[in-house]
Amino acid sequence: MSENHALEMDGYDGGLGKVEIAPEVIEVIAGLAASEVEGIAQMRGNFASGVVEKLGKKNHGKGVKVELSEDGIKIDVYCLVKFGISIPKVAQEAQDNIRQTLLNMTALDANEVNIHIVGVQFETAKAETEVEEQV
């Protein structure tokens with residue numbers, strides 16, 4: 001690893017120079033890959049990311065923490081699942097999708113992909129109004 005906390009691509013020799021990938025790029029890739037999984041309602045963010053999104057800027061790395069160490073890449077994903085979905089199945093699909101997407105886009109393999117389910121999202125008020133209209 002280099003001093004500026006970017007990951008150097010080992011085995012890549014294009015002859016023109018070196019390629020480095022910032023941890024933020026890995027966060028975005030992991031966040032998008034997790035969001036693609038059926039059953040994941042949303043990614044967990046903090047107050048600052050919520051304010052930024054309300055101002056119109058999408059934060060694709062929200063809910064993802066990447067640690068680069070000598071042992072390799074460790075990715076922690078914090079998300080909410082939809083009610084009624086099998087949590088173990090969704091978590092396994094998210095791990096597989098994140099690992100495969102990261103490998104396809106960067107040729108990097110994560111040592112750990114930890115999925116943290118921090119909540120369950122129930123049906124929204126839209127479903128309640130549909131029931132009221134039917135009555």
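**Close-ups of a predicted model**

**View 1. T101 in its helix.** T101 sits in helix α3, which spans residues 87-106 (helices are DSSP runs of H or I with at least four residues, strands are E runs with at least two, and both are numbered from the N terminus). This is a predicted model, so local features need pLDDT of at least 70 and side-chain atom pairs count only at pLDDT 80 or more, while totals for chains, interfaces and linings use all residues. Residues are numbered from 1 along each chain as its sequence is written, and side-chain values use heavy atoms, with hydrogens and water left out. T101 counts as buried because its relative accessibility is 17% (buried is under 20% relative accessible area, exposed over 50%, partly exposed in between, with a 1.4 Å probe and protein chains only).

**View 2. What T101 touches.** The T101 side chain reaches the backbone oxygen of N97 at 2.7 Å. Setting aside neighbours within four places in sequence, T101 is in contact with I29 and A33 (contact means heavy atoms within 4.5 Å).

**View 3. V120 on its strand.** V120 belongs to strand β6, residues 112-121. With a relative accessible area of 38%, V120 is partly exposed.

**View 4. The whole chain.** Zooming out, there are four helices and six strands, running β-β-α-β-α-β-β-α-β-α along the sequence. Of the 135 residues in the chain, 31% are buried. Among contacts between residues at least 6 apart in sequence, 63% join residues at least 24 apart. The chain exposes about 9100 Å², and carbon and sulfur atoms supply 51% of that (areas come from the Shrake-Rupley method with a 1.4 Å probe; for residues, only the protein chains shown count as cover).

Conventions: A polar contact is a pair of N or O atoms within 3.5 Å; within protein, one must be able to donate a hydrogen and the other to accept it, and residues adjacent in sequence count only if both atoms are side-chain atoms.
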